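Have the structure up on your own screens if you can, and follow along as I go around.

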Amino acid sequence: MTMDSQTLEFVVQAAGERLDRLVVAQVRDLLSRAQVQALIKAGQVTVNGAQVKPGVKLKGGERVQVIIPARVEEGVVQPEAIPLAVLYEDEDIVVIDKPAGMTVHPGVGNETGTLVSALLARWPEIAQADPEPKRAGIVHRLDKDTSGLMVIAKHDRARRRLMAQFQSRTVEKTYIALVERAPQTRTGRIDAPIGRDPQQRKRMAVLRGGRPAITEYEVIDNRFRDGRALLRVRLLTGRTHQIRVHLAFIGCPIVGDAVYGFRRQRLKLKRHFLHAAELAFDHPMSGQRLRFQAPLPDGLQEVLAKLREP
């Protein structure tokens with residue numbers, strides 16, 4: 001069930017109020033503070049017709065307009081006919097090559113255009129593959145701006161068996177990453193626990209009390225300008241943002257990573273240079289070992305070609 005969008009307008013009465021706090025006070029019965037922040041960043045909140053940052057302090061007298069977009073009723077995901085690159089399909093599983101820019105499942109500020117919406121449109125039966133509708137069929141995740149291979153479960157039995165493989169670390173996950181600096185050694189193993197950054201809750205960080213996290217890497221090309229290097233990275237655990245956090249931790253942040261990388265990006269990418277290139281697992285029903293590969297997207301290959309130019 002979809003609710004109609006609403007538009008709210010009001011005039012700022014006093015000076016010194018932060019925009020996000022003022023909007024929260026106006027819509028507290030409709031949206032959380034996190035949802036308000038997402039709306040402001042998406043341009044759905046304007047001050048005198050202009051988009052501004054959430055923390056801007058108002059002078060008083062400004063006209064604020066808030067567009068509260070059509071929302072899907074809690075717990076319901078609307079199917080959307082979004083094209084998917086399907087590499088393999090049978091009655092139990094699907095393997096896809098996810099594009100960068102696609103969020104895996106709905107969340108605050110990302111209710112539409114998600115992988116789950118695309119899956120439900122193409123395979124409606126996946127709705128029964130998980131008791132949590134917003135995660136229907138999802139066994140593991142890739143960050144929004146990470147492209148590459150994902151396995152999807154078509155039913156709950158397949159989902160549970162695949163998840164058991166991820167938990168027992170028998171799934172092989174290999175990524176390709178371009179980093180700003182070459183590591184000190186050609187091969188290496190990063191064994192450093194990861195947890196929620198206490199200073200910035202949307203970020204992860206290497207923390208003494210974090211969950212165990214292990215990443216292995218190998219330099220496969222370091223013939224680039226400005227000291228960059230291309231790595232093959234293998235995940236032995238599956239923590240949120242693990243590769244990005246670990247590579248930044250050793251001083252080799254991923255090119256294009258605006259969260260964990262350089263504040264001033266030397267290459268103007270709209271995504272970070274991280275691609276899930278290889279995936280191997282046992283078929284959840286037959287037990288047969290399956291292996292898949294996905295080449296680098298054209299845009300990333302073009303980046304490499306330019307960096308190799310003399």
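This is a predicted model: local features need pLDDT of at least 70, side-chain atom pairs count only at pLDDT 80 or more; totals for chains, interfaces and linings use all residues.

So, Pro297 to begin with: this proline sits in the loop between β15 (289–293) and α6 (298–308). Is Pro297 buried, exposed or something in between? With a relative accessible area of 26%, Pro297 comes out as partly exposed, because buried would need under 20% and exposed over 50%. If you skip the neighbours within four places in sequence, Pro297 is in contact with Ser147, Arg271 and His275. There's also Ala100 to look at: 197 residues separate Ala100 from Pro297 along the chain, yet their C-alpha atoms are 9.1 Å apart.

Arg244 counts as buried, because its relative accessibility is 7% and the cut-off for buried is under 20%. And what does that arginine side chain find as a polar partner? The side chain of Asp257, in a polar contact at 2.8 Å. Asp257 also turns up in the list of residues Arg244 touches, once you leave out residues up to four places away in sequence; the others are Asp143, Ile254, Val259, Tyr260, His272 and Leu274.

Next, the open sheet. There are four strands here, ordered β1-β4-β2-β3, and the pairing is antiparallel. The edges are β1 (6–11) and β3 (50–51), each of which pairs on one side only. For β1, the partner to look at is β4 (residues 63–68): the two run antiparallel, with six bridges between them. As a reminder, strands of a sheet pair through backbone hydrogen bonds, either parallel or antiparallel.

Staying with that sheet, helix α1 (residues 19–27) lies across β1, β2 (45–47) and β4, and α1 runs at about 120° to β1. α1 also packs against helix α2 (residues 33–41), again at about 120°, with the axes 9 Å apart. The crossing of α1 past α2 is right-handed. On the α1 side, the residues meeting α2 are Leu19, Asp20, Arg21, Val23, Val24 and Val27; on the α2 side they're Arg33, Val36, Gln37 and Ile40.

Two more elements and I'm done. Strand β8 (residues 172–179) has seven of its eight residues buried, so β8 is largely enclosed by the rest of the structure. What does β8 pair with? One partner is β14 (residues 274–282), running antiparallel and joined to β8 by six bridges; Glu172 is opposite Ala280 there. Another is β13 (residues 229–235), also antiparallel, over seven bridges, and in that pairing Ala177 faces Leu231.

Last one: helix α3 (residues 115–122). It's mostly covered, with six of eight residues buried, namely Leu115, Val116, Ser117, Ala118, Leu119 and Leu120. And what sits over those buried residues of α3? The cover includes β6 (93–98) and β7 (147–153).

That's my tour, over to you.

Conventions
Residues are numbered from 1 along each chain as its sequence is written. Side-chain values use heavy atoms; hydrogens and water are left out. Buried means under 20% relative accessible area, exposed over 50%, partly exposed in between (1.4 Å probe, protein chains only). Contact means heavy atoms within 4.5 Å. Two strands pair if DSSP finds at least two bridges between them. Axes are lines fitted to C-alpha atoms, for helices over the stretch in contact, and angles run from 0 to 180 degrees between N-to-C directions. A polar contact is a pair of N or O atoms within 3.5 Å; within protein, one must be able to donate a hydrogen and the other to accept it, and residues adjacent in sequence count only if both atoms are side-chain atoms. A crossing is left-handed if the near helix is turned anticlockwise from the far one by less than a right angle, and right-handed if clockwise.
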